[in-house]
Amino acid sequence: MPQDLSMFSLEGKTALVTGANTGLGQGICTAYAAAGANVIGVARRSCQETAEKISAVGGCFTEIIADLSDMQAIPQIVEEAHRAHDRIDILVNNAGIIKRCDAAKVTAEDWDAVTDLNEKMVFFLSQAFAKNWIQDNKGGKIINIASMLSYQGGIRVPAYTASKSAVMGLTRALANEWAPHRINVNAIAPGYMATNNTRNLRSDASRNDDILSRIPACRWGTPEDIAGAAIFLASDAASYVHGFTLAVDGGWLAR
């Protein structure tokens, strides 16, 4: 029997994605545009390549240049987003950084840089949009980008691990409070993805082989691998999914 797939459509919705200029953020932006959404991309640098990819699928893209390491950027982001579109329906907290260093040598400055962007900005940007959604009582979708290190300890990335563990906990906490307002808060935990953040790992032959040997799918993931999960969680198909972190990891956690 033919199935009605309209519940997966994002037609008429507007999505705001942080870290939109490259990697997973760029892949999510392009997927949303292909699913019918208007897309707003936030990044510190130009999103020209993302804009070109979205244009190629006939989508609508708006760029916001903002420093996501600075909490003072939040009012600017909200104002520019609403100037471009009357309502934002979907927020994807994708932007993040990782700093590799032996735990004994981590500085307070590096710790704050990682946790401010990966954790603090996620909360306060979510809060800014959720306030509007609670007020207009029309609901919304928040999708946080977690990590395999939301589940595991990792090596030489204590601040990143702490921040991504916090993202999973925050996803649950916000879902508990905001689900009654028809706000779905969920997360995606990507596995080992071929992005800028993992370039050094992939260029280290030994580490690369170690990682691949544990991935049942036998390959690094790509931004395109995130597309289905991101569309699902942003769509009406996930209207009763709250506080869940969906691993897209090639089977890493099952090993």
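## Near the start of the chain

Methionine 7 sits in the segment before β1 (14–18); strands here are DSSP runs of E of at least two residues, and helices are runs of H or I of at least four, numbered from the N terminus. The model is predicted: local features need pLDDT of at least 70 and side-chain atom pairs pLDDT 80 or more, while totals for chains, interfaces and linings use all residues. Residues are numbered from 1 along each chain as its sequence is written, and side-chain values use heavy atoms, leaving out hydrogens and water.

With a relative accessible area of 39%, methionine 7 is partly exposed (buried is under 20%, exposed over 50%, partly exposed in between, with a 1.4 Å probe and protein chains only).

## Aromatic pairs

Welcome to the rings: the structure holds four aromatic pairs. Rings of Phe, Tyr and Trp (its six-membered ring) pair if their centres lie within 6.5 Å; planes under 30 degrees apart are stacked, over 60 edge-to-face, and the rest tilted.

One of them joins phenylalanine 129 and tryptophan 133, tilted at 40° between the planes and 6.5 Å centre to centre. Both residues belong to helix α4 (residues 108–136), four residues apart, about one turn of the helix. Phenylalanine 129 and tryptophan 133 are both buried.

## A ring cluster

Tyr192, Trp220 and Trp252 are linked by ring pairs into a cluster. Both tyrosine 192 and tryptophan 252 are buried.
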